[in-house]
Amino acid sequence: MSADNNNPKNDSPLDLDRRKFLNTAAVAGVAGTLLTVGGLAGCKKEGTSTTGGVAASATAGSSHEVAPGELDSYYGFWSGGHMGDVRVLGLPSGREIHRIPVFNPDALVGWGITNESKAIMGTNSDGSLKYHVADTHHVHGSYKDGTYDGKYAWVNDKINCRIARMRLDVMDCDKITEIPNIQGFHGIFPDKRDPVDQAINYTTRVFCGSEFHAPLPNDGHDMDDLTKYRALFTCVDAETMDVRWQVLIDGNCDLVATSYDGKLAATNQYNTEGGVKYVDMMNAEKDACLFFNIARIEQAVKDGKFKTYGKSKVPVVDGTLESNKDPKTALVASVPVPKNPHGVNASPEGKYFICAGKLSPTGTIIDLSLVLKWFDGELKSIDEAIVAEVELGLGPLHTAFDGRGNAFTTLFLDSQVVKWNLENAIKFYKGDKNAKYVVDRIDVQYQPGHLNASMSETKDADGKWLAVGCKFSKDRFLPAGPLHPENEQLIDISGEKMVMVSEHPVRPEPHDFIIVKRDIIKPRQVYNLDEFPNAVKDPAECGVFRQGNKVTVKITSMAPAFYLSDFKVKVGDEVTIILTNLDKVEDLTHGFAIEKYNINFIVNPQETKSVTFKADKPGMYWCYCSHFCHALHLEMRSRMLVEA
Amino acid sequence: MLMLMFASAVYANSYEAPLPAELSTDPDLCAYVPCGDVIAGADSFSERKGKPTYVEAYRSKKGDHGKIDDHESNGDSQEGGNHHGDKNDDRELIGYVFLSTDIVDIPAYSGKPVVTLIGMDTKGIITGAKVLRHSEPILLLGIPEGELTKFIKQYVGKFVGDKIEIGKPREGQSYIGLDAITGATVTVVAQNQVMMRCGVQIARQVGILKPTIRPQAKFTELAKSPTWDDLVTEGGVQRLLVKREDVGLEATGTPYLDLWFGYLNQPTLGRAILGKSNYESLMTRLKPDEHAIFIIRTGGGESFKGSGFVRGGIYDRIQVAQEMDTFTFRDLDYLNLYGIEAAGAPAFNESAIFIIRSKSFSAAYPWKLVFLANKMDKSTGHRTFTSFDAESWLPDAYLQGGRPVVIVPEPTWLRIWKDKAWGIVAFTALLLLIGTVYAKRDWLVRRCTRKNKYWVDGFKYFGWIASIGFVGFAMMAQPSITQVLTWFHALLFHWEWELFLTDPFIFIFWWFIIITVFIWGRGLFCGWLCPFGSLSELLYKMGGWVGLKRFQFLLPERIHHQLKWLKYAIFYGLLAVSFFSMGLAEKLAEVEPFKTTFLVGIFNRAWPYTLFVAILLGLSIFTERPFCKYLCPLGAALAIPTTFRWFGLKRKPACTTCSACAKGCGSLAINPKGEIDQRECMLCLDCMVMYYDEHACPPLSQERKRRERAGLPLTPVGADGHYIPIMPLPAEEKR
């Protein structure tokens, strides 16, 4: 295939919108695809096929089927995109087991309806939710000893610049932090150990990249002065979820990666130009992968070398290239990477970061030990940290690893995944033209974005399964109207050749995901009653408690009854219902729905939740169990009597 | 109401009483049995709950509240019913009622359980007990069923946590003694176990009895990493195999359930089974006094998890037991077992890690994995509760200092043997004496003459008197055909050595009988030691002595030889009947007068039985052993193997023509050809006395006379019953 096909620069009219641009790029990509197809046709005559079609390979790969009664061997944590949630999948079956509501309200569990969830999500002064929309992209788990410890996972919200943490023992979101001074919060990655204190070999920070540069401070001034537009790189404390510090940088942040030794974090930058229209963002032949020296940044913060902006108290250190010219004191290092890179990923042996070129058909391998050398002043030029820059195919985006020295990179425009060998790529780049670094290619359907392999982003990458999130499904599923699902495809990567084994439609639109060995995740079976300060631990505590027009109703549930079985309030009261599910039996969840009052939420065994609302309609209103619980589920009700 | 009527019918006669199939499965136990009869004051009952199951008994606080139906279909709430309790506030819990067969599977004498309904108050005091069904033959006619009712009544008012045993405690023994049912020791010993185990299990479950605290194990960490085969060999993992036929299903060659299980906290074992990281991760999840075990199913289609835990949160098929403590598992005690690390582990299709959360459990001591199942009766389709278990005990190497010494409580049978030690010694001495006497019969009979048989009769009369007085009346060790029939059934249903050991005299007697029958024939037992036989013949002798000799007679031989087959017919008849109805066979076995004579007492029975015994004993005065000769099925049963005895009685060639001893044979066992029918012979040794009596035995007498006439010396009589020739060869020639 030809590298010429990738560059839309020459024929890009200024006012094309994004969709049209993609069409153009796709047309350009067709040539490459055709070439591939032609090549395949030749192969087929000899009786071998490298197509990734499900039918062709169903017998070849490991079985993704999980028989009734058997369990999946991996958990998958999938972002839900602008659904604002995180989904929990079982792999290799691909079955969706759970959705964790995070940023957006969820009518099933009552997320955004209960007081507890509202407190986490953030409210206006009148108690209404501050935000109703979000866009989750990247899910990452907490680390210990270079691998997942199953404690937390984090996910970003690109729309409202929030980061949320989920407790993996209960699979609930427990904290949400809004990051100041930024827009377009995109990349996110937890650190794997402390850069200084070697005893802290687990996650204590989460790094966040802001993709869109914006006026700083964004207070209505300087909106037309693009030089005042800035992007910042943010560090959030993993435990408190407070924002620790930010770094003011040139260009923007896209994805984020962290090193296994804790010393470096990096973000790829596609808009070093600082453009505001896409054409302005594609001028430079080289963009960058920006490395952050965490220890130096934190020392600078400690030393008071920071500013704050606007109302934010978060210390912001200066990471602009102009201020960091001396490697020995620099907080950041900017490694030039070809043309609008998308994705930076840390290889599991801990040595390299891989940047994919997107508009350049190349993958760039950056040697972390050389970056550290540069910071020590031992490298003449930061360019020397690049140990390979090899051609992979059209539109390379994200890279995953099998733990055996191979990388898998999605080729968006080629609708392919390419498997390539890192050491061979390095040899090839050094001049050994016999080094064959591309091991295999497989067609995916269609236009893949993120991909990830089982345990890929840990030192325990096991090279069993590769999931590919295809952004377009087109003809792959029964048509269900103009909106198409995404197509999540699963590839067996245990052999030399990749084998496509299954595909699933998913509701739009997941972006990124991680695949975690099942024994790492240790979910609780029921909640702990004592974790809820407002728990009604004994039915004897139930009752209606009035303070002026504020009324608290304490209710317990135990199949098949609510207690109180009825309660009286007055029109105009501000009613708070606290419901504790005293059932201890695993899976015995109850719902609490109030007719005509627009309220529904569930309480899992030993869980407590509360809602507050205005009793504005007189009359009798049934409160019923909306979550099937018991043979007498339909009989499980209580009456709310609103006195006029 | 019908059910209650049925229940009262049960009370009237619980022998093999038909019980409704739903009794062992229906949640509403008290709809089928009179729960109120075993706990006074209760007017409503919960559904079955817990594992093993019981029902709660309530009394309404207000007067005429009537029966409250507590139909929670979710029979699970551990908290004791509906906590919201709108309707329960007006009644109070006064105790518990449980069905023995829900809890234990202890067979009684018949090899089948005595189905008992037991009531207990909230302090663990037994409030009542009722036998719903039993299959005990001995309780059928010989001993009135009321005896069992009386026996069970003794438990009322006793605390289930106390040590209760059968018999009076001796000095230094701390238990509450209960009066046994005379002649039904086996039944009451089994029933005592049933009562106590059921009571303790339920009392533990509802919290009346505190669990035993056992010292915790200290583990030895071994460097090795055992393979699956190593684990199997050294006992680190154990197998629990349930065959389809064990639960009443057709055998298909595949098991009903084939489980492997083991203890996981032990680091060497845990790492070998789970792998290092999973083991450590599991241990971080456990608090002190929590123990993890694993179970995998390698064969069989039945699930050991079942589905009960989905509704009620409790796994109702699997338990762990350590002595009297039972550990059940809730859904929250379950963890996924993702795989077995040990090399060579078998493939499995169901698996679990269960957590035992109790100070009571200790891996230093043996414990059992128990699988609770229903057994189906093929003929009726009824299901009854049954359980299967396999023991596990960490091997020495895994425990610091090895396995602790476990004092196994003395089994009941052993205690009985100790209690009756002197009686057993005396009885054994009696048996050995009679055996020795008979072994030395040649020496004895030579010292006797037809007129003077004291050397033999002295021992024999001693044996008779001892067996009538000591064996029969005192020890009540009269063997019976019912035992033979019971063995057939025990072999078919549930053979337990322990049960037979609980009656030491019968146990010893039967070994003696079996051995001597094959050596000398049944006559030694029948003629010398059978209490009733002895009584019968002693009466005959006494009749003679008191001058009734002229009225004494023997049946004409023709009639005798026809009538003697009657007892065989009776035996085979009983055996045949027993295959269709043990109960009927046991009733028909009343043809034996033994129970009336020895076990119950002649005057303690209904007049037909007394009359029957009176006729038999009355006849015995005038004719020798009429019952033994013509009716005794036990004699017939023993006569059959007697065909294969090793040593018979002696005969000489002249016996074929001389029928002198046949005339004196009270058993009519010598035919005109002089052959002795060992099946009929009582080994009285009269003919053997004659054999050596040179004045009474016609051939020997003739020889004596010839010798006297010829002036030949009278040499001693040889083993062949002839004078020993002095000069064999010439003498031979002369003759």
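**Notebook: chains A and B of a predicted model**

For the record, strands (E, at least two residues) and helices (H or I, at least four) are DSSP runs numbered from the N terminus, and two strands pair if DSSP finds at least two bridges between them. This is a predicted model, in which local features need pLDDT of at least 70 and side-chain atom pairs count only at pLDDT 80 or more, while totals for chains, interfaces and linings use all residues. Residues are numbered from 1 along each chain as its sequence is written, and chains are lettered from A and ligands numbered from 1 in the order in which they are written.

**Entry 1**

I noted Tyr148(A) in E5(A) as the bridge partner of Tyr143(A). The hairpin leaves 2 residues between E4(A) and E5(A), and Asp145(A) in the turn has a positive phi of about 55°. I then checked burial, calling a residue buried if 20 or more other C-beta atoms lie within 10 Å of its own, exposed if 12 or fewer, and partly exposed in between, with C-beta atoms placed from the backbone. In strand E4 (residues 139–144) of chain A, 5 of the 6 residues are buried, so the strand is largely enclosed by the rest of the structure.

**Entry 2. Chain A overall**

I counted 6 helices and 40 strands in chain A. Its radius of gyration is 27 Å, close to the 26 Å that the globule rule gives for 644 residues, so chain A is as compact as a globular protein of that length. The radius is taken over C-alpha atoms, and the rule is 2.2 Å times the number of residues to the power 0.38. Along the principal axes, the C-alpha atoms of chain A fill a box of roughly 85 × 65 × 55 Å. Of the 644 residues in chain A, 53% are buried. Of the chain A contacts between residues at least 6 apart in sequence, 61% join residues at least 24 apart.

**Entry 3. A four-stranded sheet in chain A**

I traced an open sheet of 4 strands in the order E26-E27-E28-E29 (chain A), with antiparallel pairing. Strand E26 (448–453) and strand E29 (499–506) of chain A are the edges, each pairing on one side only. Neighbouring strands of this sheet are turned by 20° against each other on average, direction ignored; the axes are lines fitted to C-alpha atoms, and angles run from 0 to 180 degrees between N-to-C directions. Within the sheet, 6 bridges pair strand E27 (residues 465–470) with strand E28 (residues 486–492) of chain A. Trp465(A) has Asp492(A) in E28(A) as its bridge partner.

**Entry 4. Nonpolar cores**

Which residues touch the most other members of the largest nonpolar core? I found Cys289(A), Phe292(A), Phe353(A), Ile366(A), Leu466(A) and Ile491(A), in a core of 130 residues. Such a core is a set of buried Ala, Val, Leu, Ile, Met, Phe, Trp, Tyr and Cys residues joined through C-beta atoms within 7 Å. Beyond its neighbours within four places in sequence, Cys289(A) is in contact with residues including Val335(A), Val337(A), Phe353(A) and Ile366(A). Apart from this core lies another of 70 residues, among them Cys448(B), Trp520(B), Val600(B) and Leu683(B).

**Entry 5. Backbone geometry in loops of chain A**

I looked up two non-glycine residues with positive phi. Asn340(A), with phi near 50°, is in the loop between strand E17 (332–338) and strand E18 (344–346) of chain A. It counts as buried, with 22 C-beta neighbours inside 10 Å. Lys358(A), with phi near 55°, is in the loop between strand E19 (352–356) and strand E20 (362–367) of chain A. Lys358(A) also counts as buried, with 26 C-beta neighbours inside 10 Å. The peptide bond from Ala559(A) to Pro560(A) is cis, with omega near -5°.

**Entry 6. Chain B**

I counted 28 helices and 16 strands in chain B, and 43% of its 735 residues are buried. The domain assignment, automatic or from a database, gives domain 1 (2–206), domain 2 (228–398), domain 3 (414–692) and domain 4 (698–734) of chain B. The C-alpha centres of domain 2 and domain 4 of chain B lie 82 Å apart.

Methods
Contact = placed C-beta atoms within 7 Å.
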